[in-house]
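Me: I have a model open and would like to learn how to read its features. Could you walk me through a few of them?

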Amino acid sequence: MRLVFAGTPEVAVPALDALLASDRHEVAAVVTRPDAPAGRGRRLVASPVAQRAEEAGIEILRPERPRDPAFQERLRAIAPDCAPVVAYGALLPESVLDIPRHGWVNLHFSLLPAWRGAAPVQHAVIAGDEVTGASTFQIEKGLDSGPVYGVLTEEVRPEDTSGDLLTRLAFAGAGLLAATMDGIEDGSLHAVPQPAEGVTLAPKLSVNDARIDWDHPALGVHRLVRGCTPAPGAWTVFRGERLKVRQVALAPEQSALAPGELATGKHSVHAGTGSHAVELIWVQPQGKKPMAAADWARGVRVRPGERLG
């Protein structure tokens, strides 16, 4: 098939690579979000998908909005058979969805209908799911509600961050998306409607969502930190300033601390929760680089009874 690939962040690049490597399909162009400011200098930088497409010599479409008439006209001129999508980042109007004869097929990082929305991997980790996965489905007007072509499953490991899990799913999902394109092309694959039950939503996590509530049980704190790593980054407050918490470990042997109360040892820092304590492993003070929690505690000279939050 003649394909137009839509995607923006690094997590979409493995799928683009898989389609470029296919001897059954031609990637005629990519659709990606416009260049965005990045770094300290806030200079405009092309998306990872745009950078990969440029390396491959593929036409790049960067519409401000998919409703732009010029974009739609160019898409019709390219005349794709199908448009695979991975984390493009903009809503597609019906006038765009109707252009490819096989429509737009999204690779979504959950087992639909679970975790529909922008942050399925983060929510799966925070919720304590033991298994998640990826699904390919036909995009329609509803939020991630279209019929499903294929799925794969992936174990959520006890110490996985959302970044760890998303990386594995990006590479495994790339193969699933390529296989889905093959099945659509030869007619062997047909989309199946999603069940009405089991729907859960995974909206984008805000900075406020990532604030640690030390009254929650240790396991909930542990999951929140993992789910919010690398973004938006779990955080708390110490002496009136924000402190990012990059990694914690469960410490059930420490149970005498009040929620948020700190206890420091020569090479360790513990914080109380609503159940037992957690050990702080990596933290990042405001305006500074990440550091070992024990080094941070020595530097600020934590006093007995001081608390986070």
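Me: Let's start with aromatic pairs. How many does a search of the whole structure find?

Reply: A pair of aromatic rings is described by the distance of the centres and the angle of the planes. Keep in mind that this is a predicted model. Here the search gives one aromatic pair. Its partners are phenylalanine 238 and tryptophan 296, with ring centres 5.1 Å apart. Their planes meet at 75°, over the 60 degrees required, so the pair counts as edge-to-face.

Me: Where in the chain do phenylalanine 238 and tryptophan 296 sit?

Reply: Phenylalanine 238 belongs to strand β10 (residues 235–238), and tryptophan 296 to helix α8 (residues 293–300).

Me: Is phenylalanine 238 buried or exposed? And tryptophan 296, buried or exposed?

Reply: Buried means under 20% relative accessible area. Phenylalanine 238 has 7%, so it is buried. Tryptophan 296 has 5%, so that residue is buried as well.

Me: Now the cores. Which residues have the most contacts inside the largest nonpolar core?

Reply: They are Phe5, Leu19, Val30, Val86, Phe109, Leu177 and Met181, in a core of 34 residues. Among the elements that give two or more residues to this core are β1 (2–7), α1 (13–21), β2 (26–31) and α6 (162–186). The most comes from α6, with nine residues. Apart from this core lies another, of 27 residues, including Cys228, Val245, Val283 and Ala297.

Me: What is phenylalanine 109 in contact with, leaving aside its neighbours within four places in sequence?

Reply: Its contacts include Val11, Val86, Pro120, Thr132, Leu166 and Ala170.

Me: How should I read a helix such as α1, and which of its residues are buried?

Reply: An α-helix has 3.6 residues a turn, so residues three or four places apart point the same way. In α1, the buried residues are Val13, Pro14, Ala15, Leu16 and Leu19. They pack against β1, β2, α2, β6 and α6.

Methods. Residues are numbered from 1 along each chain as its sequence is written. This is a predicted model: local features need pLDDT of at least 70, side-chain atom pairs count only at pLDDT 80 or more; totals for chains, interfaces and linings use all residues. Side-chain values use heavy atoms; hydrogens and water are left out. A nonpolar core is a set of buried Ala, Val, Leu, Ile, Met, Phe, Trp, Tyr and Cys residues joined through side-chain atoms within 4.5 Å. Buried means under 20% relative accessible area, exposed over 50%, partly exposed in between (1.4 Å probe, protein chains only). Helices (H or I, at least four residues) and strands (E, at least two) are DSSP runs, numbered from the N terminus. Contact means heavy atoms within 4.5 Å. Rings of Phe, Tyr and Trp (its six-membered ring) pair if their centres lie within 6.5 Å; planes under 30 degrees apart count as stacked, over 60 as edge-to-face and the rest as tilted.
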